[in-house]
Amino acid sequence: MSLFSYVRQFHGKAFSCLLALTCFTSATVFAHGEHSLEREISLEREISHERENSHEHGKNHEHHKKHGHMTDSQSPVVLKDGYARATFPMAKTAAAYFTLHNHGENDLQLSGVTVDAKVADEAQIHTTKMEGDVMRMRHLTDGVTIGAHEHVTFTSGGYHVMLLGLKNGLSEGEEVQLTLHFDGQEPLHTVLPVKADTQAVHKHGH
């Protein structure tokens, strides 16, 4: 075999080896690229799922706030059917009503209520009682006890929360932020809608 033929045969084999190595490298890179793409798609799906869950949780929370149904995840207390009664424009007092359910094993003491300072100066727990022919309100400085697995309804003519020193009258469709304080428990924050209550008669005798 001539030297020229030997060199040409050697170059041909070298080119074949180089071509095979190139194909193998490309296939490996492509395979890793597919796996990387799959990981990125999977990660994007997980992030999207977390965002949807967070958005849904926010919607549910807002729904409960709008309807006056609020509870803390660690609290045995559930507030239902809450609202504040609409007033005339220049009113300085208003009343808020709701029902508190105690799902715990122990009695709970509602010790006080605070109101958003933009709405009123003060919130007090009151009850009403007949004194002769006059129904009078009384400030309950010790609060109200809610028995284990029982509920207490705050309503016109019974327990209720008085809002004193209103900044403006309460109009139907507005909202009132209240915080309920319990002995030995985390406070319960709630937002009550303002509703007209034409049937309730709330006398302010003292």
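How many of the nine residues of strand β1 (residues 77–85) are buried? Seven of them are, so strand β1 is largely enclosed by the rest of the structure; buried denotes under 20% relative accessible area, exposed over 50%, and partly exposed the range in between, with a 1.4 Å probe and protein chains only. The model is predicted: local features need pLDDT of at least 70, side-chain atom pairs count only at pLDDT 80 or more, and totals for chains, interfaces and linings use all residues. Residues are numbered from 1 along each chain as its sequence is written, and side-chain values use heavy atoms, with hydrogens and water left out.

**Overall architecture**

- Read from the N terminus, the order of elements is α-β-β-β-β-β-β-β-β-β-β.
- The protein chain has 206 residues, of which 31% count as buried.
- Of the contacts (heavy atoms within 4.5 Å) between residues at least 6 apart in sequence, 66% join residues at least 24 apart.

**Strand β1 and its partners**

- Strand β1 runs antiparallel to strand β2 (residues 93–102), and six bridges join the two; strands pair if DSSP finds at least two bridges between them.
- Within this pairing, Val78 has His101 of β2 as its bridge partner.
- Strand β1 also pairs with strand β10 (residues 188–195), here in the parallel sense and over two bridges.
- Arg85 has Lys195 in β10 as its bridge partner.
- Gly82 is a residue of strand β1 and is buried, with a relative accessible area of 3%.
- Gly82 and Phe154 are 72 residues apart along the chain, and 8.9 Å separates their C-alpha atoms.

- Strands β4 (residues 122–131) and β5 (residues 134–139) run antiparallel and are joined by six bridges.
- Glu131 is bridged to Val134 in β5.
- Two residues lie between β4 and β5 in this hairpin, and Gly132 in the turn has a positive phi of about 70 degrees.

**Nonpolar cores**

- A nonpolar core is a set of buried Ala, Val, Leu, Ile, Met, Phe, Trp, Tyr and Cys residues joined through side-chain atoms within 4.5 Å.
- The largest nonpolar core has 32 residues, and the members touching the most others are Leu100, Phe154, Leu163, Leu170, Val176, Leu178 and Leu180.
- A second, separate core has five residues, among them Tyr83, Ala95, Tyr97 and Met137.
- Leaving aside residues up to four places away in sequence, Phe154 touches Tyr97, Phe98, Leu100, Leu110, Ile125, Val144, Tyr159, His160 and Val161.

**Aromatic pairs around Phe154**

- The structure holds three aromatic pairs; rings of Phe, Tyr and Trp (its six-membered ring) pair if their centres lie within 6.5 Å, and planes under 30 degrees apart count as stacked, over 60 as edge-to-face and the rest as tilted.
- Phe154 and Tyr159 form a tilted pair, with 5.7 Å centre to centre and 40 degrees between the planes.
- Phe154 counts as buried at 2% relative accessibility, whereas Tyr159 counts as partly exposed at 31%.
- Phe98, Phe154 and Tyr159 are linked into a cluster by ring pairs.

Technical notes: Helix = DSSP H or I, 4+ residues; strand = E, 2+ residues; numbered from the N terminus.
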